[in-house]
Amino acid sequence: MAGLIPKSFIHDLLERADIVEIVDSRVPLKKAGKNHQACCPFHNEKTPSFTVSQDKQFYHCFGCGQHGNAIDFLMEFDGLNFPDAVEELAGIMGVEVPREQAENPELAQKKQQQVRDDAELMSKTARFFQHQLKHHENSERVIDYLKGRGLSGETVKRFQIGYAPDAWDSLLSTFGSSAPQRQQLLELKLINRNEKGRHYDFFRDRVMFPIHDRRGRVVGFGGRIIDGDGPKYLNSPETRLFHKGSELYGYWHMQQAVRKPEQVCIVEGYMDVVALSQAGIDYAVASLGTATTSEQLQRLFRTSPRVVCCYDGDRAGRDAAWRALENALPLLRDGLDMAFLFLPEGEDPDSVVREHGAEAFEQQLKRATPFTEYFFEHLQADIDVTSDAGRSQLLSIAKPLIDKVSSSFYQRLLLDKLSQQFGLLPEQLRGYVASPNENHRKRDSDTNQRLELIDKAIALLVQNPRLAVEYYVSSEFDKLNSGNIKIFTAIYRQCSKKELNTAQVIEGWRDSSYFEKLKELSVKELYLDDGSVAKEFEGILLHLTDLSLEQRANTLLEKIKKGNASKVLIEEYQFLISQKGKRPKSKAR
């Protein structure tokens, strides 16, 4: 759908939605004081640490740190991107999502229609291949092949598996009778054009696997050779409808079977996904012949807390596994896990599950190598770690990779392994990998103190937006020598315009680089009872007011010392000094 979703609509949607109802529809909640609780859906736990606040319209898990508003919850729980989560929430509320007018409405409408036409053609193509599987003169040969691979008719139908005939123009002659139709087929890479300008089918004499996006639309194809020469698999090239690094084969089918699987298994081939699903393992996906991308992994971690990469044990399989791990490092927060299973030469998930059964394969998944072990297994493969030079080399390679890990727990675990397995002393590691807290300690003490104070002011205001209605915040604060003070005053202005809840305040910052920090501050424990919140906020305002007055007064004093200050500046200086320590203004007084 063309056009951006208006921020005002998102704001109003969050005002109308009740996060308790949204979460409770997916995770049963129990009343606990003024909040609601449950065991966290984003990590395994026995004691509930997942809290939903009706007042703030916000959720927070004290175990794994997950937090956000109703839109964030739908993104994480349902594995949706932001626009789809807004659409889902709007659907729950029974309202239609409006779109801002594009700069060129006619062009936007044309693109929208093109997407619909493309999706319709891809769907027709999938049905064409399915029809050929049953009615083509080669169908008996292809069906025998599929039966030989252990696939039932029900499985073939569920995955919409088909057959691309061994001819140059089967698809072309069916859907490409006019020049515009041939152009569309060409742009969707369903046909090719040679140097002489002649068109011909892209897929020929192959078993066809339609690739669905998360909405269930066919966006591409994978074709497996039956016999003869040529690449084993031939995949659709990138098109305006199909982006290889964004899609996962089998993801849509997995979501139809199980919404939130305990684990997801990434395999290499289409046939592996289909065979595993037929055996009852409905949580397998394939990354379309490329290394698993950050975007694909992000979607999987939103879907499940554990991802197991199952690859061939050869060099190519291990290289693919390492690229997947590199892409996953920044995503591995607390509560998420990643492991690797390398199968012996000549075996794949398809053959394992057919020969030994689903239970045997799942047992292997349980014994998969944790990423913390594979991390060092891969790094030391070509390094002599028995020598000082080798250990030094290992440390220099591991340093930037460990820095990428978002979880402080996993960072410390990797550092401990470096120390214990390779004889590196803790003091050696300390100089290489600094935790975020150690980095903060390097700041100037006065600046650090002020930043902490302002962060506390922001936390108070975000958690209690009504404070902006009760107190004045001087515009002079913007001139203080601190980057975050402008964030504080901007949030104040946001909250003073209209009565907001915490969820609405944070949503207004989603496109900002400060968004994640703001989410953290929104759930920061301040150890204040309700009666002390206003008093604490007032005290911070008093301190900031004094800092602002002092900063302005010092500027004036420098001018006075130079002897070029007017009487007006001297009187202003004296007035500023007299105002220090005065109680900040309340709008109620």
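Predicted model: local features only at pLDDT ≥ 70, side-chain atom pairs only at ≥ 80, totals over all residues.
Let me begin with a term: a residue is called buried when its relative accessible area is under 20%, exposed when that area is over 50%, and partly exposed in between, with a 1.4 Å probe and protein chains only. Valine 307, at 0% relative accessibility, therefore counts as buried.

Residues are numbered from 1 along each chain as its sequence is written, and side-chain values use heavy atoms, with hydrogens and water left out.

First, the chain as a whole. Its secondary structure comprises 27 helices and 16 strands; these are DSSP runs numbered from the N terminus, helices being H or I with at least four residues and strands E with at least two. Of the 589 residues, 48% count as buried. Contact here means heavy atoms within 4.5 Å. Among contacts with a separation of 6 or more, 68% are between residues 24 or more positions apart.

I return now to valine 307, which sits in strand E14, residues 306-312. Setting aside neighbours within four places in sequence, valine 307 is in contact with Val264, Ile266, Leu300, Phe301, Asp337, Met338 and Ala339. Its C-alpha atom is 9.9 Å from that of tyrosine 283, 24 residues away along the chain.

Met338 also leads us to the nonpolar cores. A nonpolar core is a set of buried Ala, Val, Leu, Ile, Met, Phe, Trp, Tyr and Cys residues joined through side-chain atoms within 4.5 Å. The largest has 103 residues, and the members touching the most others are Tyr249, Met338 and Phe375. Beyond four places in sequence, the contacts of tyrosine 249 include Phe159, Phe209, Tyr270 and Leu288. A second, separate core has 37 residues, among them Ala457, Leu460, Leu526 and Phe537.

Which residues of helix H3 are buried? They are Ala70, Ile71, Asp72, Phe73, Leu74, Met75, Glu76, Phe77 and Asp78. That is 9 of the 9 residues of H3, so the helix is largely enclosed by the rest of the structure. Just after H3, glycine 79 adopts a positive phi of about 70 degrees.

Next, a helix pair. The axes of H14 (residues 349-356) and H15 (residues 358-366) come within 6 Å and cross at roughly 130 degrees. Such axes are lines fitted to C-alpha atoms, for helices over the stretch in contact, and angles run from 0 to 180 degrees between N-to-C directions. The two helices are therefore oblique to each other, given that angles under 35 degrees count as roughly parallel, over 145 as roughly antiparallel, 65 to 115 as roughly perpendicular and the rest as oblique. H14 contributes Pro349, Val352, Val353 and His356 to the contact, and H15 contributes Ala358, Ala360, Phe361 and Gln364.

Finally, tryptophan 252 belongs to helix H10, residues 251-257. Is this tryptophan 252 buried or partly exposed? With a relative accessible area of 23%, tryptophan 252 is partly exposed. Apart from residues up to four places away in sequence, tryptophan 252 touches His212, Asp213, Arg214, Arg215 and Gly216. Tryptophan 252 and aspartate 213 are 39 residues apart in sequence, yet 6.6 Å apart in space, C-alpha to C-alpha.
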